[in-house]
Amino acid sequence: MLTQLEKQLLNNYQQGMPLVSEPYAEIAKELNLKGFAVTEQEVIDCLSQLQDKGLISRIGPVFKPKSVGGSTLAALSVPPERMDEVAEIVNSFEQVNHNYEREHQYNLWFVVATGSQNEVFQVLAEIEQQTGLKVLNLPMEQDYHIDLGFPLWC
Amino acid sequence: MVLDVLDQKLIALIQDGLGLTRKPFAHIAEQLGVSEQQVINRLQELKDNGTIKRMGVIVRHRELGFKANAMVVWDIPEHRVVQIATKIAAFNCVTLCYQRPRRPSQQWSYNLFSMIHGKDRASVLQRLEDIVDLLELQDINYQPLFSTRRFKQRGARYIDPDKFSSSEQPSLSAATSQTPLDDKNDFSFPLVVRHAYG
């Protein structure tokens, strides 16, 4: 079970991290106004535990795609018996940050995000070379979503 | 948006997450050799101009009980893309909505991608059905691609941290191991009403 404080932090702080010198003190202040008696240290400890439990991956920025460096979504059509081996090759690239098996003829989907578009191409070329499979490269053309985080009650 | 060297260093230091210390921006400032206020101001600017979409807690859906996620791909005629995509993107349960190229030579005909999360497959499919009904998309070809295994999930590293020879980097755990979908960690969820944007 999640505590009330955990729920508050998970649901209401996916955006709007206070950009002030002591952001966790500010969060504590905001929560106190809402009737949660917590201290800065309790906020820090709670976030740190959520991180240890693996419920949050980090506290930080989400960048607009293409605004920083280069990135793409790519897919491979992997013969089922080679899935583990190929997934491991794809995982081994530092520039790959997401890698999922999905139900489709194209069954391995991964995101390459790195310093430049050129480097994205290099990574894809290397993946093709190491796996012997042709990459489906689907760079983003337009972003329609305004990212406000993920509503946990949804 | 032009990012100078200082921006790149700033991004390199913050892309893996903010430290859980009382003054996390001061820690970054120290490593960059600038003032804490400069770091805060620059982050505010990057947020205001849209380079940073949001800043806060990045949750891990699967660990929080949202075990099913489908990347729904749509084949939408060009003249309707903007209108339909904008509406799909506005649904609460849709976390991403991107237009991408078709690749006919590689048997790929879909041009819009949206991510739908749910506690299980049935609820994701129900939401998808709701979207199709509400937006009257029955004539559109679409397909949900459910994920069956996660091999890796972490934040993007746009800037190689080693590129800048500053001191220690914040290092946070990444899910790099294979995670089957049937792992059991159930959490009950708050039914809080958040600002709706759907």
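User: How many residues of chain A are in contact with chain B, and what makes a pair a contact?
Analyst: Two residues are in contact if their C-beta atoms, placed from the backbone, lie within 7 Å. By that rule, 72 residues of chain A are in contact with 76 residues of chain B. Strand E1 (residues 56–63) of chain A gives the largest share of chain A's side, 8 residues. One thing to keep in mind: this is a predicted model, where local features need pLDDT of at least 70, side-chain atom pairs count only at pLDDT 80 or more, and totals for chains, interfaces and linings use all residues. As for labels, residues are numbered from 1 along each chain as its sequence is written, while chains are lettered from A and ligands numbered from 1 in the order in which they are written.

User: What makes a residue on that side nonpolar, polar or charged?
Analyst: It's a simple list: Ala, Val, Leu, Ile, Met, Phe, Trp, Tyr, Cys and Pro count as nonpolar, Asp, Glu, Lys and Arg as charged, and the others, Gly among them, as polar. Sorted that way, the side of chain A that touches chain B has 37 nonpolar, 23 polar and 12 charged residues.

User: How do you know that strand E3 of chain A and strand E5 of chain B pair?
Analyst: Two strands pair if DSSP finds at least two bridges between them. E3 (residues 96–102) of chain A and E5 (residues 141–153) of chain B have 5 bridges, in the antiparallel sense. Here's one spot to look at: Asn99(A) stands opposite Lys152(B).

User: What counts as a helix or a strand, and how many are there in chain B?
Analyst: They are DSSP runs, numbered from the N terminus: helices are H or I with at least four residues, strands are E with at least two. Chain B has 5 helices and 6 strands, in the order α-α-α-β-β-α-β-β-α-β-β from the N terminus.

User: Why is Pro24(B) called buried?
Analyst: A residue is buried if 20 or more other C-beta atoms lie within 10 Å of its own, exposed if 12 or fewer, and partly exposed in between, with C-beta atoms placed from the backbone. Pro24(B) has 24 C-beta neighbours inside 10 Å, so Pro24(B) counts as buried. This residue lies in helix H2 of chain B. Leaving out residues up to four places away in sequence, Pro24(B) touches Pro23(A), Leu18(B) and Gly19(B).

User: And what makes Leu2(A) buried?
Analyst: Leu2(A) has 20 other C-beta atoms within 10 Å, so this residue is buried. You'll find Leu2(A) in the segment before H1 of chain A. Over in chain B, buried residues make up 36% of the 198 residues.

User: How do you know that the span of helix H3 of chain B agrees with what it should be?
Analyst: The expected span is 1.5 Å times one less than the number of residues. H3 (residues 36–48) of chain B has 13 residues and should span 18 Å; its end C-alpha atoms are 18 Å apart, so the two agree.

User: Why do you say that the buried residues of H3(B) line one face?
Analyst: The buried ones are Val39(B), Leu43(B) and Leu46(B). Seen down the helix axis, they fall within an arc of 60 degrees, so they line one face of H3(B). The arc is taken from the directions from the helix axis to the C-beta atoms. These buried residues pack against helix H1 (5–14), helix H2 (24–32) and strand E1 (52–59) of chain B. Turned away from them are the exposed Gln37(B) and Asp48(B).

User: What about H3 of chain A: which residues are buried there?
Analyst: They are Val43(A), Ile44(A), Cys46(A), Leu47(A) and Leu50(A). Their arc is 165 degrees, so they line one face of H3(A). Gln41(A) and Asp52(A) are exposed on the other side. Just after H3(A), Gly54(A) has a positive phi of about 80 degrees.

User: Where do the domains of chain B come from?
Analyst: Domain bounds come from an automatic or database domain assignment. For chain B, that assignment gives domain 1 (5–58) and domain 2 (62–150). Their centres, taken over C-alpha atoms, are separated by 33 Å.
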